[in-house]
Amino acid sequence: MTGTLAERPNTEALHYPMSRGGCPFDPPAALQELRETEPISRVRIWDGSTPWLITRHEDARAVLADQRFSADFRKDGYPPTSPGQKVRRAKVRSFISMDDPEHARYRKMLISEFTVKHTESLRPMITEVVGELLDTMAAGPKPVDLVQAFTLPLPSMVICRMLGVPYSDHAFFQRISAKLLNNTTAPQEALAATDELSDYLLKLVHAKDADPRDDLTSRLVLRRMRTGEIDADELVAMLNLLLIAGHETTANQLALGTLTLLQHPEQADELRTTDDPALVGGAVEELLRLLTIVHSGRRRVATEDVEIGGVTIRAGDGVVVAGEVANRDPQAFDDPDELNIHRSARHHVAFGFGVHQCLGQPLARLELQIAYPALLRRFPDLAVTEKVEDLPFRDEMLVYGLHELPVTW
Ligand code: HEM
């Protein structure tokens, strides 16, 4: 190696993302190595550009908290995740790709819907949905795919009820999400899927305008659209983000987390038998940290020269924050590669950090805190029917996890 990666010519930058290879629960070994040897280094992405890769926990939080790093994909130097994402984001601009004050304007309209207090009021509904899904699973044949039977329907039903989207349309929006979150989807296909979803959501907005109900979409129509604060297209962009972010993430965290717990039967037993909400909450944080399913790197571009961890990142340089490896940083977590549901993991960056930190995190936490123990209690003998190495992990997707998880009991 000649000098640090920062000094190496761009042609020598490693390709990112790297394949996981080895253990499907761990980030790629090359990423872990970079964090130890050259924690801020250039990598080469699909479009040939060479953004900086940030791998240490402290540096990850510094970048994500610093508004001199922009989330606006339209700015020169922004490193898009895939060709499909590039065209999709240009078509539907939601606040995840905006900077303050524009970003804050939209986010504020939703904050009251995602407070811990408001989310807690959904506990009875979520508990009921979990119970119904588990009843159906128990009454059905086995083995069964846990993703289709439980981990995907749960967050899909919950977000549908929140938004006032008919759950009977789940096959439609799950198909669209699967396309939009796949790094290999061709731009034309991504555009067509984006249009299809926008048309669907526009119809929903008009339906709520004609007949408002007690749901988030109707409240936004009544309080924001009819007052002229936002128009129908802006509302569609917000709903688009909520619908997709609201089900794929939690579904995969639940599936991969269950598989992880089944690999650690003693900790799964503790979770099954405890009545201590603090232990359940801690276990959920630890699984979020260890698995960091949003594994495609938080993407930003510097708007000014900024020094991070001793490296000067120039205005116009792209930046990729690799949360999955920052969450394994030994400087931030002891024995970071081990699952330990008793540790305090709450400072992880699985929900991001800074102004774009996940808006839906209270909802995701609540769903996971209810779902893991309920599943383990209902099926104490739950077991995966395939070898781990034969399971279909979601390497090609923006959100990591499992396409299928065949289980029996
Ligand atoms: C385990 C589940 C989840 C994980 C791991 C997760 C992860 C993340 C991450 C890493 C970000 C930061 C993006 C960035 O910095 O560029 C984010 C943002 C966001 N998430 Fe989540 N998420 C989850 C569940 C949810 C749910 C259930 C919803 C809502 C219904 C949601 C809605 C959002 C929204 C709206 C943003 C954008 C926030 C902003 O830009 O201000 N997420 N999420």
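Two strands count as paired here if DSSP finds at least two bridges between them. Keep that in mind as you explore this predicted model.

**Stop 1: a sheet of three strands**

Start by selecting V384, and look across to V407 in β11, the residue that stands opposite. These two belong to neighbouring strands: β10 and β11 (residues 406-408) pair in the antiparallel sense over 2 bridges. Now widen the selection to the whole open sheet, whose 3 strands run in the order β5-β11-β10 with antiparallel pairing. At its edges are β5 (144-145) and β10 (383-384), each of which pairs on one side only.

**Stop 2: a sheet of six strands**

Next, bring up the open sheet of 6 strands, ordered β1-β2-β3-β9-β6-β4 with mixed pairing.

Zoom in on one end. Strand β1 (residues 14-15) is joined to β2 by 2 bridges in the parallel sense, and H15 stands opposite R44 in β2. Select β2 itself (residues 40-44): 4 of its 5 residues are buried, so the rest of the structure largely encloses this strand.

Then move to β6 (residues 298-302).

**Stop 3**

General background first: in soluble globular proteins, nonpolar side chains tend to be buried together. In this model, the largest nonpolar core has 98 residues, and those touching the most other members are L110, I126, M137, F150, L154, L197 and L216. Show helix α12 (residues 232-263) too, as it supplies the largest share of this core, with 15 residues. A second, separate core of 16 residues includes V63, L64, A302 and A326.

Go back to L154 and display its surroundings. Leaving out residues up to four places away in sequence, L154 touches I126, V129, V130, L133, L254, E367 and A371.

**Stop 3: two packed helices**

Select helix α3 (residues 83-91) together with helix α10 (residues 187-210). They pack at an angle of about 35°, and their axes are 8 Å apart. The crossing of α3 past α10 is right-handed. Which residues meet? From α3 they are P83, G84, V87, R88 and K91, and from α10 they are P187, A190, L191, T194 and D195. Colour this contact by class and you will find 5 nonpolar, 2 polar and 3 charged residues.

**Stop 4: a serine in a loop**

Finish at S97, in the loop between α3 and α4 (102-111). Is S97 buried or exposed? Its relative accessible area is 1%, so S97 counts as buried, the cut-off being under 20%. Neighbours within four places in sequence aside, S97 is in contact with A71, D72, F73 and R89.

Terms used:
Residues are numbered from 1 along each chain as its sequence is written. This is a predicted model: local features need pLDDT of at least 70, side-chain atom pairs count only at pLDDT 80 or more; totals for chains, interfaces and linings use all residues. Side-chain values use heavy atoms; hydrogens and water are left out. A nonpolar core is a set of buried Ala, Val, Leu, Ile, Met, Phe, Trp, Tyr and Cys residues joined through side-chain atoms within 4.5 Å. Buried means under 20% relative accessible area, exposed over 50%, partly exposed in between (1.4 Å probe, protein chains only). Contact means heavy atoms within 4.5 Å. Axes are lines fitted to C-alpha atoms, for helices over the stretch in contact, and angles run from 0 to 180 degrees between N-to-C directions. A crossing is left-handed if the near helix is turned anticlockwise from the far one by less than a right angle, and right-handed if clockwise. Ala, Val, Leu, Ile, Met, Phe, Trp, Tyr, Cys and Pro count as nonpolar, Asp, Glu, Lys and Arg as charged, and the others, Gly among them, as polar.
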